[in-house]
Amino acid sequence: LASLMNLMEKKLLEVKLGELPSWILMRDFTPSGIAGAFQRGYYRYYNKYVNVKKGSIAGLSMVLAAYVFLNYCRSYKELKHERLRKYH
Amino acid sequence: MNENLFTSFITPMMLGLPLVTLIILFPSLLFPSSNRLINNRLVSLQQWALQLMSKQMMSIHNTKGQTWTLMLMSLILFIGSTNLLGLLPHSFTPTTQLSMNLGMAIPLWAGAVITGFRNKTKASLAHFLPQGTPTPLIPMLVIIETISLFIQPMALAVRLTANITAGHLLIHLIGGATLALTSISPTTALITFIILILLTILEFAVAMIQAYVFTLLVSLYLHDNT
């Protein structure tokens, strides 16, 4: 089916909204597929921000900022109780 | 206040999944490997630092001891990066857990001692008795030296745990005190804030020094035994 072939080659932002469920189901969810996705994401970030001739501190600090943010999300349940409220 | 102080030290789990594995593996993302001669700035900086450390630390060993270079360099990188990442807000530091530090200290120490016993048995056993002790003292001294040998891995692990945990606790306490004092007396809060800044600088130093001390001691135990 020609529309299926078209769907496989499109990236997420090019997929039309109606085609979204079939696009998601078409993705490779095997362990090696997921590992490949992580690897591609890592190299996309690395080659854009770190592996350049004059890389700056921004490449590293964005990673650390994301790390801080994820840790905040992880410990939100305990941090909730430390807000300045009259009734917790 | 009582419960809040120690909640940052519990093992992070999320919906029963061990998130702590991901946190321990995270520093490896920050040390990319490269096959090129001339690299990007991050990799060049790391290679320069690694060369400096390995020259400084491994030059005292003979050929057999220098086979441990990879192990000791990855050890100092791991402990240094984990400690420094723990200074970021809300993050979890794996080196505050005694279990992990024991897991690092005992195998390394045991490896060095057993290498010494296997390859240079006489010299290793001779370590138990320093030169020139008066004869009546010998039994006592052998016992004391044995105890001091077996306490080495415990001391390695507990030193790292205690230093990092104590630093984090102090930062929590003084930070909390600063916040509580701002509404009561801003001058005292300012003084406390300056103390907090000094403490943070100390913690940066401690993070790196503890990594260095751990690795240095392991390398010393190795030197004795190769």
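Which residues form a positive surface patch? Select K77(A), K80(A), R83(A) and R85(A), which together make up that patch (patch members have over 30% relative accessible area and no salt bridge, with like charges joined within 9 Å). R85(A) sits in the segment after α5 (76-79) of chain A.

This is a predicted model, in which local features need pLDDT of at least 70 and side-chain atom pairs count only at pLDDT 80 or more, while totals for chains, interfaces and linings use all residues. Residues are numbered from 1 along each chain as its sequence is written.

Next, show both chains: 20 residues of chain A are in contact (heavy atoms within 4.5 Å) with 19 residues of chain B. Between them about 1800 Å² is buried (accessible area, 1.4 Å probe, lost on being put together and summed over both), and carbon and sulfur atoms give 67% of that area.

Finally, centre on L87(B), in the loop between α5 (69-85) and α6 (98-119) of chain B. Leaving aside neighbours within four places in sequence, L87(B) is in contact with H168(B), I171(B), E203(B) and F204(B).

How values were computed:
Chains are lettered from A and ligands numbered from 1 in the order in which they are written. Side-chain values use heavy atoms; hydrogens and water are left out. Patches are made of residues with over 30% relative accessible area and no salt bridge: like charges are joined within 9 Å, nonpolar side chains (Val, Leu, Ile, Met, Phe, Trp, Tyr) within 5 Å. Accessible areas come from the Shrake-Rupley method with a 1.4 Å probe; for residues, only the protein chains shown count as cover. A salt bridge is a side-chain nitrogen of Lys or Arg within 4 Å of a carboxyl oxygen of Asp or Glu. Lys and Arg count as positive and Asp and Glu as negative; His and the chain ends are not counted. The place of a charge is taken as NZ of Lys, CZ of Arg, CG of Asp or CD of Glu. Helices (H or I, at least four residues) and strands (E, at least two) are DSSP runs, numbered from the N terminus. Buried area is the accessible area (1.4 Å probe) that two parts lose on being put together, summed over both.
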